[in-house]
Amino acid sequence: MKVEAIEYGDRKVYSVGAFNRGVSSWLARLPTVWVEGEVTELRRSARWASVFFTLKDPQDGSCLGVSMARGQFDALRLELADGARVHVYGRPELYEARGEFRLRALSLERFGLGDHLAALERLKTKLAGEGLFAAERKRSLPLLPARIGLVTGNDAAAKRDVLTAITTRFPPANVLVAETYVQGPRAAGAVVDALRALCREGVDVVVVARGGGSFEDLLPFSDERLVRAVADCPVPVVSAVGHEQDTPLCDLAADVRASTPSVAGRLVVPDLAQLLERLGRARGGLERGTRRGLERERRRIDGAHERLGRAPRLLVERGRAKLEHSAGRLRALSPKATLERGYAIVRAEESIVRSGKALEPGERVEVELADGGFGARVEEIQ
Amino acid sequence: MTFEQAQRELEEIVQRLESGETPLNEALKLWERGEELYRFCKERLDAAEGKIEELASRAESASPDT
């Protein structure tokens, strides 16, 4: 189509219609492509030849108007709700009457659960390959955090569950709460910002909590930016997102995964009552142990002292007994005892007479008795 | 020293004391150390205030210019 300009001196000026027609014909040369986004603001009327909706980029919120022939749209029976992810096959078009740029859809497909799952699976494989979910990356939680960060939506349930669990178990807990979007296109970025803000404020541990929701509701928690932010968080992260079976990727990147927000709350604080009891017991043990040690030492010293006092007396008695034993043995060996029983010792010329044959009649002998003695002459030999 | 470290050391000391194998002068030293650890742990528990704050309101009060 030829676009005519009016000439004012050396200036070429186009009418609005001519300008639009010019842009329109230029746009028409662009190729037909697939565009992915979320459907919002769907407008359909029986009086209109086309249906209109806005296609929104879930990552950065960019918007694009889309039109599609009504008959074609209805024939697809897509029953699109706000937020549904779609692939649109179309080309850029200018609505000349209003100078509005939009995408003219030739075909439209719902980006289904299967596609989401496949995309998720690809991302999971990629991040796992980088080691983001590795067990050796997991940090243990501090036993007694000075301050706990909580990232949660402003829907009361998850937030209340975490806070109740924390303060029941550990009343003196300090918690810093960051409320953010937890679903929709802004959620992933908002959660990342909240995580960073909490870390800047200074927390020892972060809980990311979100109640259950549809698969699509929980998708932001599998967003690559969010998953990476959780893995890179300078303090340990406990993730309690959705229900047990959901397992968004942020659960895998977190240091600890909790099945519910309440469980997450219980995980990040110690049981104060138990802690105090344990401390008290330890202190009791400290006193008991020391006292027991002292008593054992005292008993040992007392015992030694007692033995010390007994020692000299024992020695004297032992000496006396020994002496008497020797004296008895000495007495037994002396001939005196034999003499006292009535025996006599006979000597002739100073030697003891043991046989009658050693004597002669008339020979003089000396007889020794127990008490004194006498001299005698041999009368006869027997 | 973290709370965990203090608590662990305290319980090790108690175990050693209760085993009754420690010489007296060492036992007295252990006891002193144990009391110190107990006070540390207790203070850490008592120091916590128990508050729940919202980040948004904190950010506002922290930077009134923005």
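Predicted model: local features only at pLDDT ≥ 70, side-chain atom pairs only at ≥ 80, totals over all residues.
Chain B has 66 residues, and 21% of them count as buried. Its secondary structure consists of 3 helices and 1 strand. Along the sequence these elements follow the order α-α-β-α, with the strand, β1(B), covering residues 52-54.

Chain B touches chain A through 30 residues, and chain A contributes 28 residues to the contact. On the side of chain A, β9 (175-179), α5 (187-201) and α10 (272-333) each supply at least two residues. The largest share comes from α10(A), with 13 residues. By residue type, the side of chain A that touches chain B divides into 16 nonpolar, 5 polar and 7 charged residues.

The two chains also pair through strands. β9(A) and β1(B) run parallel and are joined by 3 bridges. Within this pairing, V177(A) stands opposite E54(B).

In soluble globular proteins, nonpolar side chains tend to be buried together. The largest nonpolar core in this model has 53 residues. α5(A) gives the largest share of this core, 8 residues. The residues with the most contacts inside the core are V206(A), V207(A), V208(A) and V230(A). Take V206(A) as an example: leaving aside neighbours within four places in sequence, V206(A) is in contact with G149(A), V151(A), L195(A), L198(A), C233(A), V235(A) and V237(A).

Definitions and conventions
Residues numbered from 1 in each chain as written. Chains lettered and ligands numbered in written order. Helix = DSSP H or I, 4+ residues; strand = E, 2+ residues; numbered from the N terminus. Buried ≥ 20, exposed ≤ 12 C-beta atoms within 10 Å, placed from the backbone. Contact = placed C-beta atoms within 7 Å. Nonpolar A, V, L, I, M, F, W, Y, C, P; charged D, E, K, R; others polar. Pairing = 2+ DSSP bridges. Core = buried A, V, L, I, M, F, W, Y, C linked by C-beta atoms within 7 Å.
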